[in-house]
Amino acid sequence: MKIQITFPRICALAMTCCFLFLTRAFLVLPSESSPSIPEPGPSGEGQTSFPLTKADLNTDPGSGSMIDLSQLSDDYTITQAGTYILTGEYNGQISVDAEEQIVHLYLKDVSIHSRSGPAILVNSAGKVVITLAEGTDNIIRDSAHYRGSDNQDASIYSSCDLTINGSGALSLYGYYNDALHSRDTVKILGGDIFLQSSGHGIQGNDGILISAGSLRIESKKSGLRTTKSGKDDRGTIDLCGGQISVIAGEYSIVSSGDLYVRNCSVRTDSVLGQLDVAGSRFLTAGCLEDE
């Protein structure tokens, strides 16, 4: 039997071949060589769980207001946005009451020892950034006795986002309870920082980001701790840079959300355990060591 090949049949065959070619080009079938779906959360160099603003990254004091703490005889309150260059020894409390404004504290060889309550207390602000000036040593200590603290129980206590940057050194002592506590997010972007506390080392209720510098924590409770959870990565702890050492009487790291450990070195020694994580764990091999 002869098959009659007509012009319409040739056109139909051509269209069928074209369709099969395009389908094969754009349809990727699963295979061992196909790329896997990326894990949720941050990925790649320089990406974090928390956005970094210009204020977070600013380490320049510019033409900030110079404050010689050794000349103060009473507690000092900051009520306006701006950069404040702090220097000298001081027995008292630095407080911030600057509703929804950005306050930049530039520490330049300061020694602050509170007589009662936190040494640095942020009652209200949009954001507070603490810069450790290059080549300086800074010491901050709270009092072992608090009165009317309203749970403001840390040597540095903040009701808003708190960022520490710079390349200087900071020794922070929490004699009453925590060394550093924010009701929002804590970001450590640099510095040579030593924390010693009767409570937790660092508590950021909404989250903790550590991306650079050297951080050593000695705490009677947990070293790093978050307490909230929910959308926008709330409760996440993201360790994505720097050298971190934690000695803790409870857990080294307590995360109420997810935990990321990558591009860093973390050494821990704790009594109850290394990790207590409510969410997912994304741990890069070789970054986390338990002594």
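A disulfide is a pair of cysteine sulfur atoms within 2.5 Å. By this rule the structure has zero disulfides. The sulfur of cysteine 287 has its closest cysteine sulfur in cysteine 264, at 4.9 Å, which is too far for a bond.

This is a predicted model: local features need pLDDT of at least 70, side-chain atom pairs count only at pLDDT 80 or more, and totals for chains, interfaces and linings use all residues. Residues are numbered from 1 along each chain as its sequence is written, and side-chain values use heavy atoms, without hydrogens and water.

Accessibility comes next. Buried means under 20% relative accessible area, exposed over 50%, and partly exposed in between (1.4 Å probe, protein chains only).

| Residue | Relative accessible area | Class |
|---|---|---|
| Cysteine 160 | 3% | buried |
| Histidine 104 | 5% | buried |
| Cysteine 287 | 7% | buried |
| Alanine 278 | 63% | exposed |

Histidine 104 lies in strand E4 (residues 94-113). Strands (E, at least two residues) are DSSP runs, numbered from the N terminus. Contact means heavy atoms within 4.5 Å. Not counting residues up to four places away in sequence, histidine 104 touches Asn58, Asp60, Gly82, Thr83, Tyr84, Val129 and Thr131.

Alanine 278 sits in the loop between strand E22 (273-277) and strand E23 (281-283). Leaving aside neighbours within four places in sequence, alanine 278 contacts Ser255, Ser256 and Gly257. Glycine 235 is 43 residues away along the chain from alanine 278, and their C-alpha atoms are separated by 9.2 Å.

How values were computed. Helices (H or I, at least four residues) and strands (E, at least two) are DSSP runs, numbered from the N terminus.
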